Amino acid sequence: MTLNLALQGKRAIVTAGASGIGLAISRAIVAAGGRVHVCDVNRGFLDALAKTDPPISGSVADVGDPACVDAMFDEALGRLGGLDILVNNAGIAGPTKLLEDVTDAEWKATIDIDLTSQFYCARRAIPLMKEARGGSIVNLSSTAGLFGLPMRSPYVAAKFAVIGLTKTLAMELGEHGIRVNAICPGSVEGDRMARVLAAESAALGVDPAVLRHNYVKHTSMRTFVSAEDIAAMVVFICSDHGARISGQSLAVDGHTETLMARD
Ligand SMILES: NC(=O)c1ccc[n+]([C@@H]2O[C@H](COP(=O)([O-])OP(=O)(O)OC[C@H]3O[C@@H](n4cnc5c(N)ncnc54)[C@H](O)[C@@H]3O)[C@@H](O)[C@H]2O)c1
């Protein structure tokens, strides 16, 4: 059997696709022959992406705002003419503090961007995919959607909820040939983990290098993963090889044993 990971002619929207994991996913879909429209809150990142070879189109949109999501979908459909793949990638880390110190605004922003955005995007994508008689929705969760993690309650709550949303959508949409899966990245090498480690360091008074060592130590393969590792999984499940994969939470993490071990 030869692996055919082609996404020739597939039309994809990737949220928060202008940097980090979203950018790696967008580039991988394009490299597999697909067409991608991204959105991001950062106009500078989008302008840079429009100048790459091949260029990737994008809309400035905050996925936590339903009006922005609707405008982004209208723009994306004008360019793509339909939709086969939705990657709900956007997600913020949220506050690093005990629950009793979390403000209403911090809770709401984290749930809006990490969870409710996936509802806003999916409700626009589903009628298009039903019309196309198939499609693939990929929701970014996290290993924090599989384990508890002290000081990160809004993030963990949202990422667990993403898995529930994924399984329910897979049940609602399977008969239409639409597959819905969640990906749970472990700690990904890059700016975001550097910010997470800095925030944990400030909250706990522990050196970021020690915190990083602990994340690695609690991973069976003793490693962080790369954005490209996540992108490869997205391409695989959206390709013909993923044709019977739905309702799953697929960890790409070198096998996390725990996120925080007690002494
Ligand atoms: N980086 C990790 O270690 C890691 C681990 C597990 C899960 N994840 C998840 O993977 C996804 C991508 O993570 P990342 O590390 O690339 O994130 P990141 O923090 O690097 O951000 C990527 C992009 O998101 C954009 N963005 C932020 N808020 C937005 C909003 N409201 N609307 C649209 N765009 C917005 C930013 O401008 C940026 O370009 C997230 O859902 C995250 O929770 C990441």
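**Figure 1. Packing of helix α6 against helix α7.** In this predicted model, helix α6 (residues 191-204) and helix α7 (residues 208-217) pack at an angle of about 115 degrees with their axes 9 Å apart; axes are lines fitted to C-alpha atoms, for helices over the stretch in contact, and angles run from 0 to 180 degrees between N-to-C directions. Helices (H or I, at least four residues) and strands (E, at least two) are DSSP runs, numbered from the N terminus. The passage of α6 over α7 is a right-handed crossing, where a crossing is left-handed if the near helix is turned anticlockwise from the far one by less than a right angle, and right-handed if clockwise. From α6, Leu 197, Ala 198, Glu 200 and Ser 201 make the contact, and from α7, Pro 208, Leu 211 and Arg 212 do; two residues are in contact if their C-beta atoms, placed from the backbone, lie within 7 Å. The residues of this contact divide into four nonpolar, one polar and two charged, with Ala, Val, Leu, Ile, Met, Phe, Trp, Tyr, Cys and Pro counted as nonpolar, Asp, Glu, Lys and Arg as charged, and the others, Gly among them, as polar. Residues are numbered from 1 along each chain as its sequence is written. Because this is a predicted model, local features need pLDDT of at least 70 and side-chain atom pairs count only at pLDDT 80 or more, whereas totals for chains, interfaces and linings use all residues.

Figure 2. Seven strands form an open sheet in the order β3-β2-β1-β4-β5-β6-β7, and the pairing is parallel; two strands pair if DSSP finds at least two bridges between them. At the edges are β3 (57-60) and β7 (249-252), each of which pairs on one side only, and from one strand to the next the twist averages 20 degrees. Helix α3 (residues 66-80) packs on this sheet, where it touches β1 (11-15), β2 (35-40) and β3, and its direction makes about 160 degrees with that of β2. Helix α4 (residues 104-131) lies across β1, β4, β5 and β6 (178-185), and runs at about 175 degrees to β4.

**Figure 3. Helices α3 and α4 in contact.** The two helices pack at an angle of about 35 degrees, with their axes 10 Å apart, and the crossing of α3 and α4 is right-handed. On the α3 side, Pro 66, Val 69, Asp 70 and Phe 73 meet Tyr 120, Cys 121 and Arg 124 of α4. The residues of this contact divide into five nonpolar, no polar and two charged.

**Figure 4. Strand β5 and its two partners.** Strand β4 (residues 85-88) pairs with strand β5 (residues 135-140) in the parallel sense over four bridges, and the bridge partner of Leu 86 in β5 is Ile 137. The pairing of β5 with β6, also in the parallel sense, runs over six bridges, and in β6 the bridge partner of Asn 139 is Ala 182. Strand β6 is mostly covered, with eight of its eight residues buried; a residue is buried if 20 or more other C-beta atoms lie within 10 Å of its own, exposed if 12 or fewer, and partly exposed in between, with C-beta atoms placed from the backbone. Both faces of β6 are covered, with Ile 178, Val 180, Ala 182 and Cys 184 buried on one side and Arg 179, Asn 181, Ile 183 and Pro 185 buried on the other.

**Figure 5. The surroundings of Ile 137.** Ile 137 lies in strand β5 and counts as buried because it has 27 C-beta neighbours inside 10 Å. Not counting residues up to four places away in sequence, Ile 137 touches Leu 86, Ala 122, Ala 125, Leu 169, Ile 178 and Val 180. The C-alpha atoms of Ile 137 and Val 234, which are 97 residues apart along the chain, are separated by 9.7 Å.

**Figure 6. The surroundings of Val 30.** Val 30 is found in helix α1 (residues 20-31) and, with 17 C-beta neighbours inside 10 Å, counts as partly exposed. Residues up to four places away in sequence being left out, Val 30 touches Val 36, Pro 54 and Ile 56. Between the C-alpha atoms of Val 30 and Ala 12, 18 residues apart along the chain, the separation is 9.3 Å.
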